[in-house]
Amino acid sequence: MSVSALPPAIEFIGIDKRFGAVHANRDIDLAIEAGTIHGLVGENGAGKSTLMSILYGFYAADRGEIRLHGRKTTIRSSADAIRQGIGMVHQQFMLVETMSVLENVLLGAEGSPRLAPAEARARAVLRQLADDYELTIDPDALVADLSVGEQQRVEILKTLFRGAEILILDEPTAVLTPAEAAHLFRILRRLAQEGKTILLITHKLKEIMAITDRVSVMRAGEIVAEFETAETSVERLAEAMVGRRVLLEVEKGPSVPGAVLLEVEAVDLRDKRGVSVLDRVSLEVRAGEIVGIAGVAGNGQSELIEAIAGIRRPTSGRITVCGRDVVGLGPDEVREAGLAHIPEDRHRMGLVLDFSAEENMLLGHEDDPAWAHGLLLDRSAIRRAAMTAFDDFDIRPDDPTLRAALFSGGNQQKIVVAREVARTPRVLLVGQPTRGVDIGAIEAIHRRLIALRDQGHAILLVSAELDEIRSLSDRVLAMCQGRITGECRPDVGETEIGLMMAGVAPEGVRA
Amino acid sequence: MSSTSRRELPLVVDYGLIPILNLSVAFLISGLVVLAIGENPLEAVAIMIRGALGYSEGIGFTLYYTTDFVFTGLAVAVAFHAGLFNIGAEGQATLGGLGVALVCLTFDGAPWWLVFPFALAASMAFGAAWAFVPAWAQARRGSHIVITTIMFNYLAATLMVWVLVELMSEPGTMSPESRTFAEATRLPFLRDFLTPWGIDLGQSPLNPMVFVAILAAIFVWVLVWRTRLGFQIRTVGKNPIAAVYAGIDPGHVVIVAMLISGALSGLLAVNEVMGTQHRLLLEFVAGAGFVGIAVALMGRSHPFGVVLASLLFGILYQGGAELAFEKPKISRDMIVVIQALVILFAGALEHMFRPGLVKLLDRPRAVAARGGA
């Protein structure tokens, strides 16, 4: 790099942080050159978030120092971080949806009691930023009307407006289509060319390979490896993250589809305001196959799953599970018909975080006579079943009496999966099975889904990870704006699926 | 990586240290108030404790108050577990009293042990019925239960005036109260059984309902933690979306939980109407329904905690009465201030010291669990 004569933009020197017994960051040394894009990867709990929180002023390090552009500094709060030119784009956007882009950008940086002069100034700055970085966005648009990709651009604009020289992005592509992600990467490239320093936290190793200049791998609180991106590979990164060789590709044989177990026919669904969220959706899933639904989040996939599971009632259409019409039945009755459901959001729907893990194993099955001990719940039977599931799925820590909130994302997801497959359902609905799950657990969950398929279960899979859809599914359907916009084999190119996800599939690909 | 989990504290801290800390602060400030009006706080504390626990009649009164608070505290606690803030224990207990009075007046003169089961049933049925309407409105129409139960307290109070003035008051009397029940129909006082054993409960109205209160606490514990219904109630309270996912109808659970809550409130009326006053009169609940909220908050909605907190408030009530009697400078209102401070610190500011303690102890448990991932 031509800029290497300058001191690094960010330097962590001997950063150490403990939370009680756990050593979240051990003696971390890391230098990031100005004007580069630096990737930070690691499994959940590896310490990435802690390190970024220290940089952004949420936590104070126990030991060590941070230098910005060669100067030693202490960052006491996020306001402090912003003052020192650090901006963060969170995974969950921090925007006021009912306000315009301009108002959101100004929020907290008004500078004067009267808004008008600040707005005029902001408008000029936004125009300049749009020209410089391809960050084009209508400053008067309401945030609620923007696409997710545009909202993310607003977040980036906010940091730049506040004079950020260093940008931290936490899993920025989780909610984007491939095209939107490509646009984001172009913006990031431009920002780096203009001398901004970018720290990218992600678990998508392909993105690391595509966009970063250097990459650091964290494991168990330490930086275990650092590479020039050009000199490494996805396999090597994965190995460094997990500490052993990982199978990234799921090994599976060809599927042997049997009878149709799940049939959805012309299902319409309108939300409370009467807006159509599902538009004549038809599909079928056979025993022994995994059907994947590709689509950008918010295009009706979640509603489709909830309609099948009995959580939402379709406005019209027919849904059959194992030959039984389930429209109008409650979730418990659909479950009885032979369906299980791994919800896409385990925190919101799949778990009661304040309950112990074993109580979570009961959720949806509390009426099962296996748990009944007269009028009471048979605690020892529940404990035994939970212990078996914990062993079977290698859930750690190995203590089902702990609150569900205390488990890592991967282990929480295993608890949900264990519960849902325990009663060998014929039809399995799976939403985002590996979101926020570490690589080791992803492998285990994927293998389990393939095994269920091979045993003759019908699986309907929704995932925002196109790679996951493609590696697990036997058939892929694309969804856009509540409609099935195409069907294809999982091995067709990413661009083609991407087009179908955007609703512009060529007629020939349509199902 | 997710920040959804609340930081974990050892149970001893959560259930022992924090309540003690809260109480200490409440008493410290109460002490300053007492000091400000020129009395010796230590002496005041001594009088209160002696008055509440120092002699058997005092203990009798303390336990009698405790009985009331256990019922309303459990009522509020059960609703809490379903995620509902039942402010209506006062009104539900009032209606419970109507039920008890109707039974006792109907069977007036019959032996108490024959009337007792009917009185219990009637108190629960009337209390539950009064809770049903707000519960239904919450479950099926989304009307906020806090608002509706408060309104139903007023409705209950007004209804009682009408019933007592127009229907139940004895002809020729001016006071809005029912006729007094026959001696045989009243619940016996425990003092009558204990005097032969040399325990003198004096004039305290302690009666068999104190045992019913203990049974009710055990019942609530079993219900909440050992039955399917309790599991469903807690699921709805902690995560209604997960409840729907599981196939639990949150509306149904809301109604059932409120019926149980109303029934528990209603039981207070047996203690008061059949066991103490021996007639139905206006405002016999005397705020116990609201104390129940404080008791449930302080007892962390756990039956054991509710019983302990009820005992504390029983001591405050009885000891406070003695204090007001012995120290004219410390009026009845002062006692209310002290009780309010306890409610403020133990209930409303329950979590004030939590963040500090978390920082101090730095939660080794939570991270230890996470580290295993």
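**Close-up 1. Contact between helices H3(B) and H13(B).** In this view of the predicted model, residues of H3(B), namely Gly58(B), Phe61(B), Thr62(B), Leu63(B), Tyr65(B), Thr66(B), Phe69(B), Val70(B), Gly73(B), Leu74(B) and Ala77(B), meet a set in H13(B) made up of Pro303(B), Val306(B), Val307(B), Ala309(B), Ser310(B), Leu311(B), Phe313(B), Gly314(B), Ile315(B), Tyr317(B) and Gln318(B).

**Close-up 2. How the axes of H3(B) and H13(B) cross.** Two packed helices are described by the angle between their axes and by the distance between the axes. Here helix H3, residues 56–81 of chain B, and helix H13, residues 303–326 of chain B, have axes that come within 7 Å and cross at roughly 135°. Because of that angle, H3(B) counts as oblique to H13(B). The crossing of H3(B) and H13(B) is right-handed.

**Close-up 3. An open sheet of 6 strands in chain A.** Read across the sheet, the strands of chain A follow the order E16-E19-E20-E13-E21-E22, and their pairing is mixed. Strand E16 (339–342) and strand E22 (483–488) of chain A are the edge strands, each of which pairs on one side only. From one strand to the next, the twist averages 20°. Helix H15 of chain A, residues 439–454, lies across E13, strand E19 (427–431) and strand E20 (458–463) of that chain, and runs at about 150° to E20(A).

**Close-up 4. Strand E21(A) and its parallel partner E13(A).** Strand E13 (residues 290–294) and strand E21 (residues 475–480), both of chain A, pair in the parallel sense over 4 bridges, and within this pairing the bridge partner of Ile293(A) is Leu477(A) in E21(A). E21(A) is mostly covered, with 6 of its 6 residues buried. Arg475(A), Leu477(A) and Met479(A) point one way from the strand, while Val476(A), Ala478(A) and Cys480(A) point the other way, and residues in both groups are buried.

**Close-up 5. The hairpin of E21(A) and E22(A).** These two strands, E21(A) and E22(A), run antiparallel and are joined by 5 bridges, and Cys480(A) stands opposite Arg483(A) in E22(A). The hairpin has 2 residues between its strands, and Gln481(A) takes a positive phi near 50° there.

Key:
Residues are numbered from 1 along each chain as its sequence is written. Chains are lettered from A and ligands numbered from 1 in the order in which they are written. This is a predicted model: local features need pLDDT of at least 70, side-chain atom pairs count only at pLDDT 80 or more; totals for chains, interfaces and linings use all residues. Two strands pair if DSSP finds at least two bridges between them. Axes are lines fitted to C-alpha atoms, for helices over the stretch in contact, and angles run from 0 to 180 degrees between N-to-C directions. Two residues are in contact if their C-beta atoms, placed from the backbone, lie within 7 Å. A residue is buried if 20 or more other C-beta atoms lie within 10 Å of its own, exposed if 12 or fewer, and partly exposed in between; C-beta atoms are placed from the backbone. Angles under 35 degrees count as roughly parallel, over 145 as roughly antiparallel, 65 to 115 as roughly perpendicular and the rest as oblique. A crossing is left-handed if the near helix is turned anticlockwise from the far one by less than a right angle, and right-handed if clockwise.
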